[in-house]
Amino acid sequence: KIVPFTNLLSLKKNGSTVTLTVLRKSKKIDPVITLTPKKYLIPILDYQIKPSYYALVGIVFIPMSLMAYLEKINETDPDNYDSVAHLTGLLDQKMKQPDEQIIFVTQVFVTDLIEDFPENSPVLKSINDIDIINLKHLYKVVQAELGKSKYIKIEFQNTHQVVVLSCKEILKNQNKILQNNLGLVRDYVGS
């Protein structure tokens, strides 16, 4: 009985070893391989990503997941679908390094510091010209830049708009903005 290779592998558990028989240049070799789960840049199942977010003066950043992607697509007016079409291209991207995540803005609270903000769930590119790898990296970069820079410049992948915030104003207003919009929580909930 012939069974497709992918079906056979799906019956195995993470960490299992399998012996493959490979014919290469008329020689038979039998490598032993340890199975590991495929890592998607956008996790397919919710259990593949721990709930976490980072809120910076009313801008709420989260890692992209399939659930978040579908939520954004479904809440978009069909006549305005082009506004989230850039998200579709992200589904095919592969991780370039371990722990890489696509970070996007899921919500923006109205504050005096944020008057004009890019719409359409912008995907984060960089903070002060430092490319962001994942949510923890975002937090560390912002904290470091708050201590040494005058401004935080937020750049996005899918728009030419840039958000520039005064570090002095961020430090002055961060806790008040978070408390007014989220209640008594820290600015960062780690995973």
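## A first look at this model

Let's start with Leu8, which is partly exposed at a relative accessible area of 43% (buried means under 20%, exposed over 50%, and partly exposed in between, using a 1.4 Å probe and protein chains only). This is a predicted model, so local features need pLDDT of at least 70 and side-chain atom pairs count only at pLDDT 80 or more, while totals for chains, interfaces and linings use all residues. Residues are numbered from 1 along each chain as its sequence is written, and side-chain values use heavy atoms, leaving out hydrogens and water.

**The overall picture**

- The protein has 191 residues, and 35% of them count as buried.
- Take the contacts (heavy atoms within 4.5 Å) between residues at least 6 apart in sequence: 56% of them join residues at least 24 apart.
- The accessible surface is about 12700 Å², with 51% of it belonging to carbon and sulfur atoms (areas come from the Shrake-Rupley method with a 1.4 Å probe, and for residues only the protein chains shown count as cover).

**Around Leu8**

- Leu8 sits in helix 1, which covers residues 5–10.
- Together with Val3 and Leu11, Leu8 makes up a nonpolar surface patch of about 310 Å² accessible area.
- Patch residues have over 30% relative accessible area and no salt bridge; like charges are joined within 9 Å, and nonpolar side chains (Val, Leu, Ile, Met, Phe, Trp, Tyr) within 5 Å.
- A salt bridge, in turn, is a side-chain nitrogen of Lys or Arg within 4 Å of a carboxyl oxygen of Asp or Glu.

- An open sheet of 4 strands runs in the order 9-8-10-11, with antiparallel pairing (two strands pair if DSSP finds at least two bridges between them).
- Strands 9 and 11 are at the edges with a single partner strand each, so one side of each has no neighbour in the sheet.
- Strand 8 (residues 124–127) is joined to strand 10 (residues 151–156) by 3 bridges, and Leu124 has Phe156 as its bridge partner there.
- On to strand 9 (residues 130–131): 2 bridges tie it to strand 8, with Ile127 opposite Ile130 and Ser126 partnered with Asp131.
- Strands 8 and 9 form a hairpin with 2 residues between them, and Asn128 in that turn has a positive phi of about 50°.

**The inside**

- The largest nonpolar core has 25 residues, and Phe61, Leu124, Ile127, Leu138 and Ile154 touch the most other members (a core is a set of buried Ala, Val, Leu, Ile, Met, Phe, Trp, Tyr and Cys residues joined through side-chain atoms within 4.5 Å).
- Among the elements giving two or more residues to this core are strand 8, strand 10, helix 4 (135–148) and helix 5 (167–182).
- Helix 4 gives the most to this core, with 5 residues.
- Apart from this core lies another one of 11 residues, including Met64, Phe104, Val123 and Leu178.
- Leaving out residues up to four places away in sequence, Ile127 touches Ile132, Leu138, Val141, Val142, Ile152, Lys153 and Ile154.

- Ile102 is found in the loop between helix 3 (85–88) and strand 7, and counts as buried at 6% relative accessibility.
- Ile102 and Lys125 are 23 residues apart along the chain, with 8.9 Å between their C-alpha atoms.
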